[in-house]
Amino acid sequence: MPAIVEADDLGLYVIKFRGAGQGVLALAAELICARIGLALELPVPEVVFASVDAELGRNEGDPEIRELLQASLGTNLAMDYLPGSVTFDPAARDPVDPVLAARTVWFDAFVTNPDRTARNPNLLYWHRSLYLIDHGAALYFHHDWRDLEARARTPFPLIRDHVLLPWANDLEAADTWLRPRLTRPILEQILLQVPDVWLLAEAAVGTSDAKRAGYLQYFLARLEAAPTFVEEAVHARASLV
């Protein structure tokens with residue numbers, strides 16, 4: 001249950017609550033993917049931390065919303081609100097830049113994002129430009145840390161359902177342009193931005209620093225496996241023709 005809020009900087013944001021059913025791992029995925037997207041120069045709305053104060057829900061009449069706010073005290077995640085934006089609709093023949101399409105397909109394969117389909121594109125048109133939103137379902141490996149290395153090297157067959165795949169006509173060029181931009185130092189800096197309280201302690205990875213190391217291990221292995229998921233996407237696109 002995200003909400004549009006006005007923050008103390010007078011800006012409007014779409015806030016996603018840590019107390020929602022998806023939990024803090026969805027917020028971690030949103031933050032990490034947004035930062036990776038920006039590092040790749042993809043059009044991702046600005047993402048900021050948003051602190052929810054106890055006073056916010058004190059007079060809320062809806063018990064469900066009041067419970068959500070009470071469960072979300074502290075650090076949450078918010079995205080810049082794009083007023084007047086509309087959802088991308090492939091059936092409406094909206095124009096798509098093939099370079100952006102290929103780079104978006106590569107990005108979603110890298111972060112294993114299953115939520116960029118025709119049914120649920122998670123793409124907004126704003127000022128005649130596409131923006132990538134809602135990455136909470138990506139990085140689903142972090143719900144189960146077993147076989148981390150092997151899972152990092154999977155081809156991601158779900159890419160066949162990607163809404164922009166028909167326009168992604170040069171995936172190899174996208175790979176050549178994008179892969180060098182995700183260096184180890186950049187990934188380390190991105191992971192340092194994830195709050196410790198979002199990195200849940202688990203048996204497989206017991207501390208926040210160990211969890212960051214696990215993410216880094218996954219991402220570095222995923223970069224090595226890029227030819228595998230690029231080939232998968234190329235074959236998926238060929239089957240559309």
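This is a predicted model: local features need pLDDT of at least 70, side-chain atom pairs count only at pLDDT 80 or more; totals for chains, interfaces and linings use all residues.
Local features are reported at pLDDT of at least 70 and side-chain atom pairs only at pLDDT 80 or more, whereas totals for chains, interfaces and linings use all residues. Residues are numbered from 1 along each chain as its sequence is written, and side-chain values use heavy atoms, with hydrogens and water left out.

Ala39 belongs to helix H1, which spans residues 24-39; helices (H or I, at least four residues) and strands (E, at least two) are DSSP runs, numbered from the N terminus. Ala39 is classed as partly exposed because its relative accessibility is 23%, given that buried means under 20% relative accessible area, exposed over 50%, and partly exposed in between (1.4 Å probe, protein chains only). When residues up to four places away in sequence are not counted, Ala39 touches Arg181, Leu182 and Ile186, contact being defined as heavy atoms within 4.5 Å. The C-alpha atom of Ala39 is separated by 22 Å from that of Thr228, which is 189 residues apart from Ala39 along the chain.

Thr104 lies in helix H3 (residues 98-110) and, with a relative accessible area of 0%, is buried. Neighbours within four places in sequence aside, Thr104 is in contact with Leu42, Arg116, Leu132, His162 and Leu164.

An open sheet is formed by three strands in the order S5-S6-S7, with antiparallel pairing; two strands pair if DSSP finds at least two bridges between them. Strand S5 (86-87) and strand S7 (129-132) are the edge strands, each pairing on one side only. The antiparallel pairing of S5 with strand S6 (residues 123-126) runs over two bridges, and Thr87 stands opposite Leu124 in S6.

One cavity of 30 Å³ or more is present in the structure, a cavity being a set of points, on a 1 Å grid over the protein atoms alone, where a 1.4 Å probe fits but cannot get out. The largest cavity holds about 30 Å³ of space, the volume being the space filled by probe spheres set on the points, which are joined across faces, edges and corners. Its lining (residues with an atom within 4 Å of a point) consists of Val105, Trp106, Ala109, Leu171, Phe229, Val230 and Ala233. At least two residues of the lining of the largest cavity come from each of H3 and helix H8 (226-238). That lining comprises seven nonpolar, no polar and no charged residues, where Ala, Val, Leu, Ile, Met, Phe, Trp, Tyr, Cys and Pro count as nonpolar, Asp, Glu, Lys and Arg as charged, and the others, Gly among them, as polar.

Definitions and conventions:
On a 1 Å grid over the protein atoms alone, a cavity is a set of points where a 1.4 Å probe fits but cannot get out, and a pocket is an open set with protein on both sides within 12 Å along at least five of seven lines; lining residues have an atom within 4 Å of a point.
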